[in-house]
Amino acid sequence: MTTNKQILLTVNKVSKHFNDGEVTTQVLNEVELTVYEGEQLAIVGSSGSGKSTLLHVMGTLDTPSNGKVLLQDVDIYQLSSAKQAKLRNEDLGFIYQFHHLLPEFTAIENVAMPAFIQGKNKQQTLDKAQGLLERVGLGHRLNHTPAQLSGGERQRVAIARALINNPKLVLADEPTGNLDATSAETVYELIKELAQQFNTAFVVVTHDHKLATKMDRQVTMKDGVLQNRVNQSHE
Ligand SMILES: Nc1ncnc2c1ncn2[C@@H]1O[C@H](COP(=O)(O)OP(=O)(O)OP(=O)(O)O)[C@@H](O)[C@H]1O
């Protein structure tokens, strides 16, 4: 049972439209979603249904046209852009389809980078980065650059990097879209284990219904509307 879980993030009647000159595209339509601490939530839905836009709105990467996003009762769109940047660095982690690792840095340096940006102690950060890389099965690849890693290994580095600052929430957009089926399964198993180990919530956007079933809970986007949004286990 997950009834004792605390609410981490609330998407409250969020709508989003884009105005490109004369054309208005309605992408999100009064979306409501609750994310609980430490849960793994998959957002599935067909191409163009609004999944990435929702993820961006949850991570202060795209401003809603209407509605609110609350992270532990803080209305994130009422924050200054400097405070939003701090929130992105300290409270959130991001994983993308393409790893976005810095090519000239090693695995351990890439993982450490978000903590270096915060000005954290260098040696402690490197020790922690090493621990995370060991945790994702890459203790033997600390000093490899992204070009010297496989696709699945790069995504595991990206996962370790997302966790370096102990975020409350990791937002992942098609994290395995570029991987073969076996590597993709490994990444999802890892996400599940890490969410439980660190009590970090993961919200994962995916086309892949089979992978989505590995997460605690799934919701479906259809034409900007979120369906199945109430999870029985949280009632
Ligand atoms: N800046 C923009 N201006 C106009 N329309 C946009 C903009 N960004 C996204 N859209 C439109 O919003 C819709 C939803 O896009 P979004 O990327 O959220 O979908 P998605 O479900 O993540 O799709 P996919 O699975 O293909 O990545 C699409 O029809 C897209 O064309």
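Residues carry numbers counted from 1 along each chain as its sequence is written. Because the model is predicted, local features are reported at pLDDT of at least 70 and side-chain atom pairs count only at pLDDT 80 or more, while totals for chains, interfaces and linings use all residues. The pLDDT, which is the predictor's confidence in each residue on a scale from 0 to 100, averages 91 for the protein, and 95% of the residues score at least 70. The predictor assigns the complex an ipTM of 0.95 and a pTM of 0.90. Over residues 229–235 the pLDDT stays under 50. For this stretch the model has 10 contacts beyond four places in sequence, two residues being in contact if their C-beta atoms, placed from the backbone, lie within 7 Å. Where pLDDT is low, the predicted coordinates should not be read in detail.

Helices (H or I, at least four residues) and strands (E, at least two) are DSSP runs numbered from the N terminus, and two strands pair if DSSP finds at least two bridges between them. An open sheet is formed by six strands in the order 6-7-8-3-9-10, with mixed pairing. Strand 6 (92–95) and strand 10 (225–227) are its edge strands, each pairing on one side only. From one strand to the next the twist averages 20°; angles run from 0 to 180 degrees between N-to-C directions, and axes are lines fitted to C-alpha atoms, for helices over the stretch in contact. Four bridges link strand 6 to strand 7 (residues 169–173) in the parallel sense, and Gly93 has Val170 of strand 7 as its bridge partner. Helix 6 packs on the sheet, where it touches strand 3 and strand 8 and makes an angle of about 155° with the direction of strand 8. Helix 1 (residues 51–58) lies across strand 3, strand 7, strand 8 and strand 9 (217–222), and runs at about 150° to strand 8.

Strand 1 (residues 7–20) and strand 2 (residues 23–36) run antiparallel and are joined by 10 bridges. Leu9 stands opposite Val35 of strand 2. The two strands form a hairpin with two residues between them, and Gly21 in the turn has a positive phi of about 65°. Strand 1 is also joined to strand 4 (residues 66–71), in the antiparallel sense, by five bridges; Val11 has Val69 of strand 4 as its bridge partner.

Helix 6 (residues 181–198) has 18 residues and should span 26 Å at 1.5 Å a residue, in agreement with the 26 Å between its end C-alpha atoms. The expected span is 1.5 Å times one less than the number of residues. A residue is classed as buried if 20 or more other C-beta atoms lie within 10 Å of its own, exposed if 12 or fewer, and partly exposed in between, with C-beta atoms placed from the backbone. In helix 6 the buried residues are Ala184, Val187, Tyr188, Ile191, Leu194 and Ala195. These residues lie on the same side of helix 6, because they cover an arc of only 130° around the axis, the arc being that of the directions from the helix axis to the C-beta atoms. They pack against strand 3 (40–45), helix 5 (151–163), strand 8 (201–205) and helix 7 (209–212). Exposed Thr182, Glu189, Glu193 and Gln197 are carried on the face of helix 6 turned away from the buried side.

The 13 residues of helix 5 should span 18 Å at 1.5 Å a residue, and the end C-alpha atoms are 19 Å apart, which agrees. Helix 5 is largely enclosed by the rest of the structure, because 11 of its 13 residues are buried. Among them are Glu153, Arg154, Arg156, Arg161 and Leu163. The buried residues of helix 5 pack against strand 6, helix 3 (107–117), helix 4 (122–135), strand 7 and helix 6.

Met221 is found in strand 9 and counts as buried because it has 23 C-beta neighbours inside 10 Å. Beyond its neighbours within four places in sequence, Met221 is in contact with Ile43, Gly45, Ser49, Gly50, Lys51, Leu54 and Leu226. Gln78 is found in the loop between strand 5 (74–75) and helix 2 (81–90), and is exposed, with 10 other C-beta atoms within 10 Å.
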